[in-house]
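Thanks for coming. I have one model to show today, so let me put it up before I say anything about it.

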Amino acid sequence: MSEAPFTLRIARPDDANRVQDVLAASYSTLYRGWYRDEILAAALPLMTRARPELLASGRYFLCQWQGRAIACGGWSFANPRGGADAGRGHIRHFGTHPDFTGRGAASAMVERCLGEARAGGCMEMECLASLTAEAFYAGRGFKTVAPTSISVGGAAFACMLMRREL
Ligand SMILES: CC(C)(COP(=O)(O)OP(=O)(O)OC[C@H]1O[C@@H](n2cnc3c(N)ncnc32)[C@H](O)[C@@H]1OP(=O)(O)O)[C@@H](O)C(=O)NCCC(=O)NCCS
């Protein structure tokens, strides 16, 4: 019998360290070459911190393989830049451990997020995609709206505003 590639479950507040470990491994490895070292040095300490509001929301997920956390991500009604937009959900804080990319973990979580947002009355999903992840989200049906940036740790972190209909 073949082994399941990973399990997917809702994350809880006590998963904060697992989430942080996955994000730190993911971003510190997979963003290299896409962002300048000084941008990463300023942004990553803040960007890799697990967000308590996401962990408590029931809309944030953790993929595990043999008991080990390998990927995380979720969605919210809240816009990460503040406020909320009627009928629009927001993809939040995705990352896959670099040793476990290409196994479908992030795709499975995106599918879960899209289905839940649709069921929750959203007509559109928005994403502030890292430059690294633009092609990944394009493969999940998102279209690039505009290049933009977010301010993290005093650094301007370039990203792509992307959206898809639900
Ligand atoms: C983008 C990211 C979340 C994708 O995670 P993942 O778990 O590898 O994604 P999947 O396994 O579901 O892969 C889905 C697609 O991405 C491709 N892919 C992404 N990274 C890959 C890698 N390192 N090696 C091989 N394929 C990769 C797969 O081939 C697949 O393409 P396809 O379905 O069109 O054939 C991951 O690369 C990552 O953590 N990147 C750094 C952090 C980041 O950018 N997060 C998003 C913030 S907005």
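Two points on conventions. This is a predicted model, in which local features need pLDDT of at least 70 and side-chain atom pairs count only at pLDDT 80 or more, while totals for chains, interfaces and linings use all residues. Residues are numbered from 1 along each chain as its sequence is written.

The sheet, then. Seven strands form an open sheet with mixed pairing, in the order β1-β2-β3-β4-β5-β7-β6. Helices (H or I, at least four residues) and strands (E, at least two) are DSSP runs, numbered from the N terminus. Two strands count as paired if DSSP finds at least two bridges between them. At the edges sit β1, residues 7–10, and β6, each of which pairs on one side only. On average, neighbouring strands are turned by 25° against each other, direction ignored. The axes are lines fitted to C-alpha atoms, for helices over the stretch in contact, and angles run from 0 to 180 degrees between N-to-C directions.

Now look at β4, residues 88–96. Eight of its nine residues are buried, meaning 20 or more other C-beta atoms within 10 Å of their own; 12 or fewer is exposed, in between is partly exposed, and C-beta atoms are placed from the backbone. On one side, β4 runs antiparallel to β3 (68–76), joined by five bridges, and G74 stands opposite R92. With β5 (124–130), the pairing is parallel over three bridges, and G89 faces M125 there. From β4 the chain crosses through helix α4 (105–119) to β5, a right-handed β-α-β crossover. Right-handed here means that, with the strands pointing away from the viewer, the path from the first strand over the helix to the second runs clockwise.

Next, β6 and β7 (155–165). They are antiparallel, with nine bridges, and P147 stands opposite M160. Helix α2 (37–47) packs on the sheet and touches β6 and β7, its direction making about 60° with that of β7. Contact means C-beta atoms, placed from the backbone, within 7 Å.

Last, R140. Where is R140? R140 lies in the loop between α5 (134–139) and β6 (143–152). Why is it classed as partly exposed? Because R140 has 18 other C-beta atoms within 10 Å. Leaving aside neighbours within four places in sequence, R140 is in contact with S107 and V110.

Notes
Two residues are in contact if their C-beta atoms, placed from the backbone, lie within 7 Å.
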